[in-house]
Amino acid sequence: MAAPLYTTASGLLFHAGKILILTVGLPARGKTHISRALERYLRWMGVKTQVVSLGDYRRKTLGGTKKLPPDYFTLGEKSPETIALRKMISDGCEKLIEDFFEAGGQVVIYDANNGLRTTRQALAEKYDKQGVHVIILESVCDNKEIIETNIRNVKISSPDYRGWDPDKAVEDYYGRIRDREKSYETVEETTWPFIRIINVGEKIMVNNIRGYLQSRIVFFLMNIHNRPRMIYFARSGQSLIEHSYKADSDLSPAGWEYAERLKEFVVERRAKSLEQRGFDPDDRRLVIWTSTRRRAHHTAWPFLTPTRSTSIPQQLPITASHLTAPLQSAIARNVVTTDEAGELTETKVTAGSSLKVKVIEKTQMSEINPGVWDGLTPDQARKFYSEEWARFVKDPYAERAPRAESYHDLSVRLEPILIELEREKEDLLIIGHSSVIRCLLAYLIGLPASEIPAIEIARGDLLEVVPTSYGVHSQAFHFWDGPGRRGEGVDGDGDLEEEEVGKSRRDETNFYENYAEDTKGKKRMTAIDLGFLTPSSREDSEGALADGS
């Protein structure tokens, strides 16, 4: 439910007041992963949320581990210098919390160990007196594999251990954990509402949670995990009738070629990425989500066939009882099953396929409904619906044409998909319509709702998104230049001749695509931008590009 269109008199949402979430847990227990994921979800809901990380603030203020006094992380008596430094860091974090609340923020997630009962009690009492609702969020983990993976993939790559030998860094961090274990006090007090997460989503316990927003926080935390995975996005292939929302047309001959090329490129790219991360591609299954529109789920059909077709499939009449499919897909069958949420899903299973693939069609992933603007160009919409167009230009995210959906409506429709996206533990390929991909990417990367309509998603680009503890790493790969692919010139980085070619190759009657391309007065987000944009880079410099992984 991205960016609700209303606020309360106080400017806060859902009549929930201000909320401070205090994380509690030993090092390498997934606190940062949980905090960043929750921040992303609450921001998507329109709630002004910020993570205040004690570790990040310390590294930014004092530097890495080698620059700290030797007794900074050890137990026992500490030197006056260490005591002063630790107090300066904690006071600085509390100042950040207070500044955010004073600026109109609603939820702060304080990402720190907070392992001592007296420490978290003092913090809770301090902010409770200021009218802030306090929730204690404890992350407990006894799974040694999760702890080891978290240390090697996240902790030793932080600035604390820059330049260290990896094995020595792991040994040093385990020493830090052992010291913390001696003084750690698990959450047993019931004075404050608390949530206890065991093994990052394996089990969850709650106490005294009240109100809609607090309940939504618990609901989200019940659906997250930190298993390594990759998420891919690609547009569906070109259809016979590109511009019509009402016509559920099949893929064109070029669309079938695109689908085959997409399969080849995804298989190749995914295998390379998995091998770089130390995984065997043959041991992992690829889950594919599509909408129920023909051009979307037919684009996934080549993944269910063992070999590439050497000829364009014969086309059947487009009727309710006939679907166009490649000839070698005739052995495919539909299996209707019930998923974990109790909803019916359709999985196409093909005998003899060399890939471990599951294809699921989801009705919520249908493209945005353009209403009376279906088939119009932006110029035609401006001419025939001048009043509606004027309102749309002011707020293209929230405004809708007559009998149409707005991007806000689409975001509300996609919220169950976001939760399933968080739940999915296997590698995922989403073959979708550009409007749907815009919304899902904006959620994962952390773009504000106002930028969603201006994101350009070109057919022929594969976007790879890898969730990490501190956000996501994303890359964009180009694999298709055939019909249905816009020319590179529309991005403004080619010469005049290339730009004219690009304009001639786009579909002038696809309203939302052309609006994204023609958006003026703001930065247009393209696949190239998205390939290098992460949440942390947005916080450091709004609109600046950061290195992708």
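**Salt bridges and burial**

Guide: In this predicted model, the count of salt bridges comes to 31.

Visitor: What makes Glu 422 and Arg 40 a salt bridge?

Guide: The closest N and O atoms of Glu 422 and Arg 40 are 2.7 Å apart, and because the rule asks for a side-chain nitrogen of Lys or Arg within 4 Å of a carboxyl oxygen of Asp or Glu, the pair counts as a salt bridge. This pair links distant parts of the chain, with Glu 422 in helix H12 and Arg 40 in helix H1, 382 residues apart. Both Glu 422 and Arg 40 are buried.

Visitor: Why is His 15 counted as exposed?

Guide: His 15 has 71% relative accessibility, so with the cut-off for exposed set at over 50%, His 15 counts as exposed. His 15 also has a positive phi of about 50 degrees, although it is not a glycine.

Visitor: And why does Ala 28 count as buried?

Guide: Ala 28 is at 1% relative accessibility, and because buried means under 20%, Ala 28 counts as buried. Ala 28 is found in the loop between E1 and helix H1, and has a positive phi of about 65 degrees although it is not a glycine.

Methods. Residues numbered from 1 in each chain as written. Predicted model: local features only at pLDDT ≥ 70, side-chain atom pairs only at ≥ 80, totals over all residues. Heavy atoms only, no water. Buried < 20%, exposed > 50% of the residue type's maximum accessible area, 1.4 Å probe, protein only. Helix = DSSP H or I, 4+ residues; strand = E, 2+ residues; numbered from the N terminus.
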